[in-house]
Each structure stands twice: as C-alpha cells, then as structure tokens.
Amino acid sequence: MIEFDKKGKDSLRRLLSLTRKAVQDYDLIKDGDSVCVGVSGGKDSLALLATLANLRRFYPKKFELQAVTISLGFDGMDFSHVAEFCKDLEVPHKIVESDIAEIVFNIRQEQNPCALCANLRRGALNDHASRLGCNVVALGHHKDDVIETALLSLFYEGRFYCFAPDTWLERAQVRVIRPFLYVEESDVKHFTNAAALPVAHNPCPMDRTSRRSDIKELIRTLEKDNKFLRSNIFGAVKRDIWDKAQI
C-alpha cells in the first residue's frame with residue numbers, strides 16, 4: 001500500500017473526511033459491496049481511487065475494490081503509470097479497449113460530442129463492472145461538477161436537474177455512486193499535486209473547449225461579486241433535488 005509523505009497524508013485526510021461523510025449521509029457503500037472505480041487517468045478518478053483504497057482500511061462496512069479504465073481509442077494514450085498506481089494501492093485494474101473515439105468523431109461526427117462520449121464510456125464501464133461481479137460503480141464527480149451540471153441543465157435543458165448520489169441501473173444491474181459529492185475540485189487538485197498522482201495526458205480534441213468549460217468560466221466571473229454562489233447552488237441541489245428524492 002502506498003505511503004504518502006506528510007503533505008500527501010494531510011490532503012488525503014481531508015478527502016477521507018468529506019468522502020466518509022457523503023458515504024454515510026447517502027448510504028453509498030453497504031457491507032459486502034464490490035465497488036468498481038471508473039479510472040479515466042484524470043485527477044478526479046485517481047484521487048477517488050486512492051481515497052476509497054484507504055477508506056476500506058478502516059470503514060466499518062467492509063467492501064471490495066476494483067478499477068476499470070475504458071480506453072477511448074485515441075492514439076498515444078498511455079495507462080502504464082495508472083496501472084502501476086493501482087498495483088501500488090493493491091487494487092486489481094483492468095484496461096478495456098474501445099472504439100468510442102472513432103464512433104464519436106469519425107462515424108457520427110458529432111458537433112457536441114461530449115454527451116455521446118460520456119454515455120458510451122459509462123455504458124462500457126457499467127457493463128464491464130457487472131461482468132467482473134461488481135454491484136457498485138463509483139465515479140469521481142465532485143462538488144464543482146454538481147454545481148456545473150445543475151447550471152448546464154438549467155441553461156441548456158430548461159430544468160433544474162443534477163445526477164443523484166446513488167442511482168440504480170436496471171439494465172447493468174449495478175448501483176452508480178458518487179462519493180466525492182462534498183469534495184471541492186481545489187481539494188482534488190491539492191491532493192493530486194501533494195501526492196504526485198500519475199495523471200494521464202488527455203488527447204481529446206474537445207478537452208477544455210466544452211460547454212462545461214464555459215460554465216466554469218461563468219461561475220468564476222459571477223462569484224467575484226457573490227462569494228456564496230457555489231454554496232448556494234450546491235445547497236439548492238441538495239435541498240430541492242436529492243433530499244426531496246429521499247422523502
């Protein structure tokens with residue numbers, strides 16, 4: 001098991017505290033669960049994997065952990081450092097090859113490809129997790145993703161919506177959980193730097209040019225005049241979407 005230095009341990013401790021609270025608040029991990037973490041190679045999924053790998057050491061509800069990487073088919077994608085990281089965390093890791101990039105960019109030639117890519121990637125992940133015998137899939141969506149998704153839905157779909165902390169998928173027979181709901185992106189970045197996580201380069205031509213990137217910039221602009229902007233939006237999602245769904 002990886003032993004991080006003091007900076008890494010301090011930042012990991014914060015992630016563990018926030019993750020455990022989310023897991024307990026929404027009963028995300030149950031005793032005996034087999035959890036598959038979707039590891040893209042980005043900072044969010046690597047940080048989530050490291051956090052859950054350490055959480056399982058002391059969390060009272062015992063669970064198993066695996067990692068799956070869906071390779072989108074881009075040239076130059078190297079997951080060797082990710083595989084080594086999983087080995088050091090003592091987490092079994094599987095790389096699944098796919099032709100998602102070919103479908104999205106060459107066959108379908110999507111003008112806004114991110115949604116289709118995400119759906120295909122999640123579908124492949126859920127199906128493979130089920131084949132591995134996992135009943136839970138964990139994704140690395142954090143608090144800022146919650147806020148941005150709510151605004152994207154409001155602006156482009158005309159509804160106030162956000163993904164749930166825990167979702168049952170009938171077709172794949174898995175629960176999808178998001179243990180990082182209370183973790184801010186700044187916390188993830190701090191841990192990524194402090195622990196020197198092996199983040200894989202993303203060769204996607206749409207990286208940092210999507211609608212989500214535009215929303216990020218809008219939030220940064222608006223919160224200059226309203227320091228409570230993020231907490232207000234997140235509070236509205238929690239109160240008006242998630243908590244109402246539990247009643």
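Buried means under 20% relative accessible area, exposed means over 50%, and partly exposed is in between (1.4 Å probe, protein chains only). The model is predicted, so local features need pLDDT of at least 70, side-chain atom pairs count only at pLDDT 80 or more, and totals for chains, interfaces and linings use all residues. Residues are numbered from 1 along each chain as its sequence is written, and side-chain values use heavy atoms, with hydrogens and water left out.

**View 1. Here's the salt bridge between Lys21 and Asp25.** A salt bridge is a side-chain nitrogen of Lys or Arg within 4 Å of a carboxyl oxygen of Asp or Glu, and here the N to O distance is 3.2 Å. Lys21 counts as partly exposed, at 45% relative accessibility. Asp25 is partly exposed too, with a relative accessible area of 36%. They sit 4 residues apart in helix α1 (residues 6-25), so about one helical turn separates Lys21 from Asp25. Helices here are DSSP runs (H or I, at least four residues), strands are too (E, at least two), and both are numbered from the N terminus.

**View 2. Now look at the largest nonpolar core, with 59 residues.** A nonpolar core is a set of buried Ala, Val, Leu, Ile, Met, Phe, Trp, Tyr and Cys residues joined through side-chain atoms within 4.5 Å. Leu49, Leu65, Phe191 and Trp242 touch the most other members. Helix α2 (residues 43-55) gives this core its largest share, 8 residues. Apart from this core lies another one, of 20 residues, including Cys36, Ile70, Ile100 and Leu139.

**View 3. Zoom in on Thr51, found in helix α2.** Is Thr51 buried or exposed? Thr51 is buried, with a relative accessible area of 0%. Contact means heavy atoms within 4.5 Å; leaving aside neighbours within four places in sequence, Thr51 is in contact with Leu12, Leu15, Leu16, Thr19 and Phe180.

**View 4. Here helix α6 (residues 143-157) crosses helix α9 (residues 229-246).** Two packed helices are described by the angle between their axes and the distance between the axes. Axes are lines fitted to C-alpha atoms, for helices over the stretch in contact, and angles run from 0 to 180 degrees between N-to-C directions. The axes of α6 and α9 come within 9 Å and cross at roughly 75 degrees. That makes α6 and α9 roughly perpendicular to each other (65 to 115 degrees; under 35 counts as roughly parallel, over 145 as roughly antiparallel and the rest as oblique). On the α6 side you'll find Lys143, Asp144, Val146, Ile147, Ala150 and Leu151, which meet Arg230, Ile233, Phe234, Val237 and Trp242 in α9.

**View 5. Next up is the salt bridge between Arg171 and Asp127.** Their closest N and O atoms are 3.2 Å apart. This pair links distant parts of the chain, 44 residues apart: Arg171 is in the loop between β5 (166-169) and β6 (174-177), and Asp127 is in helix α5 (residues 114-131). Arg171 is exposed, at 66% relative accessible area, whereas Asp127 counts as partly exposed, at 24%.

**View 6. Last, meet the salt bridge of Asp145 and Arg212.** The N to O distance is 4.0 Å. Asp145 lies in helix α6 and Arg212 in helix α8 (residues 211-222), so the pair ties together parts 67 residues apart in sequence. Asp145 counts as buried at 10% relative accessibility, while Arg212 is partly exposed at 28%. Both belong to a network of salt bridges that also links Lys43, Asp44, Glu148, Glu185 and Lys216.
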